[in-house]
Amino acid sequence: MVTAQASQSPTVPVLYPWRLKKGTDGLTRVRRAWVIPPIAVSENSRKIPFQLVQIKSDKLPSNVIYSIKGPGVDEEPKGIFSIDHDTGLVSLTTVLDREEKSSYKIKAYAVDETGTPLEDPTDLEIIVIDQNDNRPTFDQQYFIGHVLEGSAPGTLVMRVTASDADDPQTDNAALGYSIIGDGRGIFRIDPTTGEIRTVGVGLDRENISVYNLTLQVADLSGEGLSTTATAVIFIDDINDNAPEFLAAEFTVEVSEDMVGSEIGKVSVVDKDQPGTSNWLVDYTIIDGNDHGFFSIKTEPETNRGILFVEKNLDYEEADKHTLTVEVKNKEDITPGAPQPLRSSAKVIVTVTDVNEAPSFVEDPRELSVPEGLTAGSFLTVYTVTDPDTKQQQNISYGIQYDPADWLTVDVNTGEIILQQKIERRSPFLLNHRYTAVITATDSGEPPHTATGTLEIHVIEVNDFPPVLYPQLGFLCSQWNKDNGVVLWAVDGDMEPHADPFHFEIIPDDSAYSQNWTISRLNDTHSRLGTRQRVSEGIYSLQIRVSDSGEPRLSQDHTLNVTVCFCSIREDCTPGVAAILGTHVGLSFGAAMVILASVLLLLLLILLVAVSDCLHRRHHHKGLLAASEDDIRDNILNYDEQGGGEEDQDAYNIDQLRNPDEVLPSTPIRGKQPIRRDAPFNSGQPQYPRKPPADPNDIKDFINEGLDAADNDPNAPPYDTALIYDYEGEGSLAETLSSITSKASDSDQDYNYLSDWGPRFKKLADMYGNH
């Protein structure tokens, strides 16, 4: 099977794939080896249907069935080609578009009635011939380009591009570029490449900053279908214009108190593009600012120069300043740019006078005065200076802050006088310094006030001798080198006229100084001890205490020391032997008088105590007095069998009924010594003595006694629970509540309670049979 190119003639070519050849055995078929050329058909053809070619098989005798397959038949896009199954005529059934598909490759088949292939499949290629049916299009509607002003001719600005959907191998897609309208004298475009370049000279951004060109592209090399686009070309700025001042001279006025303030502005013009470095300028003061009174900064938004005052101006020294200001661009000027007419200008600054505040020459003023300085004493003259030398003004002085009201000041001269005695112990002294604030007000308009600080250092004077503590002490007769009386001193003065203190026994050559010694513990404390064992008695020692002030002050004191025999608790209670053996020069008669007086005093105290106890017993019946028949006379300890009535270790309930009375069987204990860690001025705690009215409050009564005992300086120096009385261990017998635990009252016989003695008579009366 073979194919042939379709003809435009009404006769469709018929293709025979086989030919006959005469051989020795007769006629035989020989396969033809033809090359099948493509079949060309024009796009957009309206002759539908259009016969392309007819294929035919010469295999005889047989009925041949023809068919085709491939793109355009049974593959997308479908329905473009068809074949007559009997005649093998291939036809075009729709309009072709080369831009959608430029060629089709299909296969032709020949089979008999049974479907057996008669020939090998034959390839058919249909080529779609292009027509100029598409306009070229620019790749974008707007093209943006930049070029520096003053660029040389031929400078490349940009390149534009376009495309055409027609066959690029034909003139239908051959594009030609051109510029239409304005701009052709400044720019040109290459018709083939689309490159836009400058043509002439004189591109000046200050005249025209942007060009809008209308571009055209057409196929058939610029003669066919066309379309247009816009090219926007910006002329970029170069620094070809120097800044110039708008005026040759500027004037500003400023008051002398405007330091740090803006005082005026100067303006320039620059034709370059605003906001760029070619337009921004820097200002410099090149003359008239030797002392640095002024500065100038650029305002970026407006390019103006802002003048500031950096230091205090003084009208009295100079009332006018002439400045020379120069201006330049931040970027260098392009070579060949014209020179500016005014690159510098003068600024005349006129200073106006204002009333300035006076100021103290010395602030703060420091003085040193001794404590105790009396009223009326002269301290100092504290004055100010007024900078307004060209004005005649009066200064008035006053006191703004004087917490202790110590000072007065002369309103005209500033002389400060003491009006009260300086007290070193004043609460207004801080680190021995007293601070006051003095004011000075001028008579200008408006008036101004200055303040100055007066610091008075109060010098400590050694006017108090030290005082010895304690005035009496106890010492154990059992000699120990570490045994002694701790001495200390208190001085009304402060450093450096107080401690360290020096303790000594006077006179130095006395017998006391030979038996007694004082050793230093620290700056304020020393220990009085004995060099050897001394006999019991009362010793009166003369102790001299000296401070470290200048001049040094000392004071003699009498210290009475009792030497006695100490118990294991180191309690020192002087006895009669100690009193009789006193070493303070008392006679025997005097000692007996003292002893008799002490005994008489103790007797009076005992009588008062007994009277008070009787009085309390009469008016107070005790905690359990409300019960007529109190069965709780004694709380017995039943921790052993058979105690019964003969058990005498019971707790006596009378102590709860009458807490103010001391029963005869209660031993009276002596007063406990005060603990060494107790405060020196610690008082005795108040124990609760009044019993509660309600027996249910006995718990609170006991807790109050416990709190008082915890704070008692005579109590042991450790936390402990105090035992008010001991009632013994718990009983092995059951509680009374077991009487009703197993049966009701009606089932129990309580008559046996009568046999238990008088202490159970109350229960026998309550539960026994009547």
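**Aromatic pairs and their labels**

Mentor: The count of aromatic pairs comes to 10, where rings of Phe, Tyr and Trp (its six-membered ring) pair if their centres lie within 6.5 Å. This is a predicted model, in which local features need pLDDT of at least 70, side-chain atom pairs count only at pLDDT 80 or more, and totals for chains, interfaces and linings use all residues. Residues are numbered from 1 along each chain as its sequence is written, and side-chain values use heavy atoms, with hydrogens and water left out.

Trainee: What makes Phe-360 and Tyr-382 a tilted pair?

Mentor: Their centres are 4.5 Å apart and the planes make an angle of 40°.

Trainee: Where in the chain do Phe-360 and Tyr-382 lie?

Mentor: Phe-360 is in strand E29 (residues 359–360), while Tyr-382 is in the loop between strand E31 (378–381) and strand E32 (384–385); the two are 22 residues apart. Strands (E, at least two residues) are DSSP runs, numbered from the N terminus.

Trainee: Why are Phe-360 and Tyr-382 called buried?

Mentor: Buried means under 20% relative accessible area, exposed over 50%, partly exposed in between (1.4 Å probe, protein chains only). Phe-360 has 9%, so Phe-360 is buried, and Tyr-382 has 1%, so Tyr-382 is buried too.

Trainee: Why is the pair of Tyr-469 and Trp-488 called stacked?

Mentor: The planes of Tyr-469 and Trp-488 are 15° apart, so the pair counts as stacked, with 6.5 Å centre to centre. Tyr-469 lies in strand E38 (residues 467–469) and Trp-488 in strand E40 (residues 485–490), so the pair ties together parts 19 residues apart in sequence.

Trainee: Are Tyr-469 and Trp-488 buried, exposed or partly exposed?

Mentor: Tyr-469 has a relative accessible area of 34%, so Tyr-469 is partly exposed. Trp-488, at 23%, is partly exposed as well.

Trainee: Which residues do ring pairs link into a cluster?

Mentor: Phe-138, Phe-143 and Tyr-177 are linked that way.

Trainee: How do you know that the charged end of Lys-101 sits over the ring of Tyr-104?

Mentor: The rule asks for NZ of Lys or CZ of Arg within 6 Å of the ring centre and within 35 degrees of the ring normal. The charged end of Lys-101 is 5.6 Å from the centre of the Tyr-104 ring. Lys-297 lies over the face of Phe-308, at 5.4 Å from the ring centre.

Notes: Rings of Phe, Tyr and Trp (its six-membered ring) pair if their centres lie within 6.5 Å; planes under 30 degrees apart count as stacked, over 60 as edge-to-face and the rest as tilted. Helices (H or I, at least four residues) and strands (E, at least two) are DSSP runs, numbered from the N terminus.
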